Amino acid sequence: MDQDKAMGRAEGTDQDTEQDTGQDPAAAGAGQDHQARLDAFQRDPYPLYARARRTPGLTFVPLLDAWLVSRDADVREVLLRSEDFSSVHALRPDIQPGPAALAVLATGFAPRPTVVSSDGSAHHRHRAPLNSGLSAARIALLTPYVTEQARLLARDFADAIAAHGSADLMARYARRLPAAVIGRLLGLDAADVPAAVHGSYSAERLLFRPLPEDEQVAAAHEVVALQRLLDHYARARRAHPRDDLITALVAAFAPEGAAGPGADDLTDDQRCELVATLQNLLIAGHLTTTALIGTTVLHLLSHRAQWDLLCADPALVPDAVEEAARYDTAVQGFRRTTTRPVTLAGTELPAGATVFVAYGSANRDPERHPDPDVLDLSRPRPHPRHLAFGHGPHGCPGSQLARVQLRATLQELIRLLPGLRPADDRPVSMLPTLIHRAPAELFLTA
């Protein structure tokens, strides 16, 4: 890391990379200080992004242990050069679980690469069934269900406000709609969706938030329970195929006859791969959309003129979806690792260097988006393409489904609750994460 810092500007100090070893109070204090500063950055990364965009070359950020790729053009270049910038470590956890939690995880299914963490032909193999399962035709078939669920949940949210004076959009609506939709797409029984969602949140907390040992162990048990549930579905679909995405993934990753004549059961390796794929898809399919719903409504209501404009002209809903996704991106970015020595933005990087490709920063780049720090639904068309859903080979295959859900959400809320506003007695705090940036709670009143 010292060599890396010598090649470009570092944001922060060496103290940012100190870890809590538990060996002495000084080390513990340094670890707590590091986590506090990381949390503060994750809750509001935009000031650091702006400084990095103004600084020549790349900026090394010790808090991320990575070079920050902050400009739109540079982000697009990295995303199109997958042979030079590998995705193998894209989902490297922020937290290493302790021995007790790791022992629990060892009773589950061994991790395998997924569409997010693979390159080349392996990535194409993972991507192909998702492209088919999330095709425009498939999304069109699912849209009436999305519309129906949005209407029911929006009515429930409005009733909760009427009964209690305010209600939390995140708990009452934003987590429930994407969960129902991804459950329907995958083919989960409705009764299993809450457990699947809970296990997904537990996986994120375990790997990206510091937890006491007992909470780590509890989360690990919930992750293993999720894995076993998904394995049950994979094996059931091998035995009894249906018209759902789990069946399509089983057919793609474990074609019948591949293990030899008469071999109908999934192999252990096939089961591990299917569980990893389904777990990744479940998390990506609802946590990201939940975050996008929360941030979109938060910022529209915080910019009252924009909310009123939308209520007065519902035809602006598609514009609101794109502008809100640009303004505060749910997935702020992913890591990439250089496969050979490369030069990016004038900064020389050795093989094995880590870069953080910041979609959120690129979406505030004034070279691409005029007045980028302004939320404006009336931007001139055609709008410059944003990077909220990625770009290139790893662009989000579920982006259209996320858009459908957000459009349905805004249509229902402006119809039912045009007077919606933040509750004065419940300040909003953003979750400390760059993976699914969202309000922890969003209490609203009408």
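Ala320 sits in helix H15, which runs over residues 317–327, and that's where this tour of a predicted model starts. With 0% relative accessibility, Ala320 counts as buried. Around it is a protein chain with 17 helices and 11 strands. The chain's radius of gyration is 22 Å, close to the 22 Å that the globule rule gives for 446 residues, so it's as compact as a globular protein of that length.

**Ala320 and its surroundings**

- Setting aside residues up to four places away in sequence, Ala320 touches Leu310, Leu377 and Leu410.
- Ala320 and Ala174 are 146 residues apart in sequence, and their C-alpha atoms are 17 Å apart in space.

**The chain as a whole**

- With 0% relative accessibility, Ala320 counts as buried. Around it is a protein chain with 17 helices and 11 strands. The chain's radius of gyration is 22 Å, close to the 22 Å that the globule rule gives for 446 residues, so it's as compact as a globular protein of that length.

**Ala320 and its surroundings**

- Setting aside residues up to four places away in sequence, Ala320 touches Leu310, Leu377 and Leu410.
- Ala320 and Ala174 are 146 residues apart in sequence, and their C-alpha atoms are 17 Å apart in space.

**The chain as a whole**

- Of the 446 residues in the protein chain, 55% are buried.
- Take the contacts between residues at least 6 apart in sequence: 74% of them join residues at least 24 apart.
- The protein chain exposes about 19100 Å², and carbon and sulfur atoms supply 54% of that area.
- On the charge side, there are 45 positive and 55 negative charges, and their mean positions are 5 Å apart.

**Helix H12 and what covers it**

- Helix H12 takes in residues 245–253, and its buried residues are Leu245, Ile246, Thr247, Leu249, Val250 and Phe253.
- The cover over those buried residues includes four helices: H6 (120–133), H9 (176–186), H11 (213–239) and H13 (268–302).
- Asp244 caps the N-terminal end of H12, with a side-chain oxygen 3.4 Å from the backbone nitrogen of Ile246.

- Gln279 has a relative accessible area of 14%, so it counts as buried.
- Leaving out neighbours within four places in sequence, Gln279 is in contact with Ala203, Val223, Leu226, Gln227 and Leu230.

**Tyr359, in H16**

- Tyr359 is part of helix H16, and it's buried, with a relative accessible area of 4%.
- Tyr359 and Gln332 are 27 residues apart in sequence, yet C-alpha to C-alpha they're 5.3 Å apart.
- Not counting residues up to four places away in sequence, Tyr359 touches Val75, Leu79, Thr329, Val331, Gln332, Gly333, Phe334, Arg336, Leu387 and Gly390.

**Thr445, in S11**

- Thr445 belongs to strand S11, which covers residues 443–445.
- With a relative accessible area of 15%, Thr445 is buried.
- The side chain of Thr445 reaches the backbone oxygen of Gly165 at 2.6 Å.
- Gly165 also turns up in the contact list for Thr445, which leaves aside neighbours within four places in sequence; the others on it are Ile161, Ser166, Gly419, Leu420, Arg421, Pro422 and Ala423.

- Some background first: most residues other than glycine have a negative phi, and most peptide bonds are trans.
- Asp65 isn't a glycine, but its phi is positive, at about 55 degrees.
- You'll find Asp65 in the loop between strand S2 (59–61) and strand S3 (66–69), where it counts as partly exposed at 30% relative accessibility.
- Ala345 isn't a glycine either, and has a positive phi of about 55 degrees.
- The loop holding Ala345 lies between strand S7 (342–344) and strand S8 (347–349), and at 29% relative accessibility Ala345 counts as partly exposed.
- The peptide bond from Arg381 to Pro382 is cis, with omega near -5 degrees.
- Pro382 is in the loop between helix H16 (359–362) and helix H17 (399–416).

Note on methods
Residues numbered from 1 in each chain as written. Predicted model: local features only at pLDDT ≥ 70, side-chain atom pairs only at ≥ 80, totals over all residues. Heavy atoms only, no water. Helix = DSSP H or I, 4+ residues; strand = E, 2+ residues; numbered from the N terminus. Rg over C-alpha atoms; globule rule 2.2 N^0.38 Å. Buried < 20%, exposed > 50% of the residue type's maximum accessible area, 1.4 Å probe, protein only. Contact = heavy atoms within 4.5 Å. Areas by Shrake-Rupley, 256 points an atom, 1.4 Å probe, with all protein chains shown as cover. Lys, Arg positive; Asp, Glu negative; His and termini not counted. Charge placed at Lys NZ, Arg CZ, Asp CG, Glu CD. Polar contact = N/O pair within 3.5 Å; in protein donor to acceptor, adjacent residues only side chain to side chain.
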